[in-house]
Amino acid sequence: MQYRTLAHTTVSAVGLGAMPLSIEHRPDETQAIATIHAALDAGVTLVDTADSYHWHADEAGHNELLIARALARYGGDTSHVLVATKGGRGRPGDGSWTVTATPTHLKQAAEASAKRLGVEAIGLYQLHKPDPTVPWVESVGALRELLDVGTIRAAGISNVTTVQIRQAHQILGDGLVSVQNRYSPAVRDSEPELQLSEELGLAFLPWSPLGGISRSSLDGPSGPTSIGTAFHRIAAERGVSPQQITLAWLLARSPAVIPVPGARRPASITDSARAVDLMLHTQELVQLEDALPG
């Protein structure tokens with residue numbers, strides 16, 4: 001496993017996005033825990049979650065509780081595993097997502113997340129999404145308070161602009177360690193945010209990192225596929241999955257990048273973790289860059 005810097009420590013260069021284990025079409029708990037254990041077996045030391053990763057309205061924190069159980073049942077040492085959770089979004093149970101980032105809500109949500117995870121302080125707590133009804137500085141100010149009282153050890157922000165990153169950095173200083181935005185071969189709108197994160201020494205955690213590449217067959221059908229892309233051609237030449245090529249491409253974009261691909265099956269995260277040892281040649285990177293949309 002290769003490692004990168006996050007939250008004043010080092011974590012695996014590829015993390016596990018645990019959301020698919022708790023939302024719609026989730027696997028049963030046996031398979032879900034096996035998936036988390038497979039990630040740990042592969043050397044993954046970053047697990048990404050949120051209090052809103054659940055399906056039904058009455059099960060907020062489902063994913064956090066699942067991760068806590070999986071860590072407790074793992075046969076090896078898990079003290080080095082960083083569980084990064086988020087607050088500020090909700091799920092009413094009808095498939096929709098809400099946003100609530102008032103200071104009061106964020107502080108209460110962080111305390112509830114810490115309790116579910118069974119920790120005295122959350123290793124990394126991220127504001128899930130800016131709330132258009134709440135001044136940004138007030139939401140970020142809540143993170144500052146959580147840092148000051150020790151409820152969280154490090155703070156992150158998600159779904160943000162460069163302006164919001166700079167404002168958060170002014171308020172949080174060294175307490176701000178990460179930015180989590182959507183970024184993939186198909187969606188690269190956050191290139192400026194990635195560049196700024198690297199400039200400020202922040203980790204950049206792409207969510208939905210495999211966008212534009214058909215999901216692994218290990219996870220079952222996922223709608224229209226995207227066979228025949230440069231990612232697929234190079235994968236065939238290398239004898240690896242297109243998902244590994246995609247993650248290796250992301251890792252080559254910047255030393256700040258730490259992808260957190262989702263998985264529902266042990267085989268999927270095991271495959272993704274192998275991407276850290278896949279070094280793309282310069283010509284391959286050129287081919288991939290030339291094939292990107294837009």
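**A close look at the sheet**

Author: Threonine 85 stands opposite tyrosine 125 in β8. Strand β5 (residues 82-87) pairs with strand β8 (residues 124-127) in the parallel sense, over four bridges; two strands count as paired if DSSP finds at least two bridges between them. Strands here are DSSP runs of E with at least two residues, and helices are runs of H or I with at least four residues, each numbered from the N terminus.

A word on the basis: this is a predicted model, where local features need pLDDT of at least 70 and side-chain atom pairs count only at pLDDT 80 or more, while totals for chains, interfaces and linings use all residues. Residues are numbered from 1 along each chain as its sequence is written, and side-chain values use heavy atoms, with hydrogens and water left out.

Stepping back, β5 and β8 belong to an open sheet of seven strands in the order β3-β4-β5-β8-β9-β10-β11, with parallel pairing. At its edges are β3 (16-17) and β11 (203-204), each pairing on one side only. In general, strands of a sheet pair through backbone hydrogen bonds, either parallel or antiparallel.

The protein has ten helices and eleven strands. Of its 294 residues, 55% count as buried, meaning under 20% relative accessible area with a 1.4 Å probe and protein chains only (exposed is over 50%, partly exposed in between). Arginine 265 counts as partly exposed because its relative accessibility is 38%. This arginine 265 lies in the loop between α8 (242-253) and α9 (266-273), and its C-alpha atom is separated by 20 Å from that of alanine 84.
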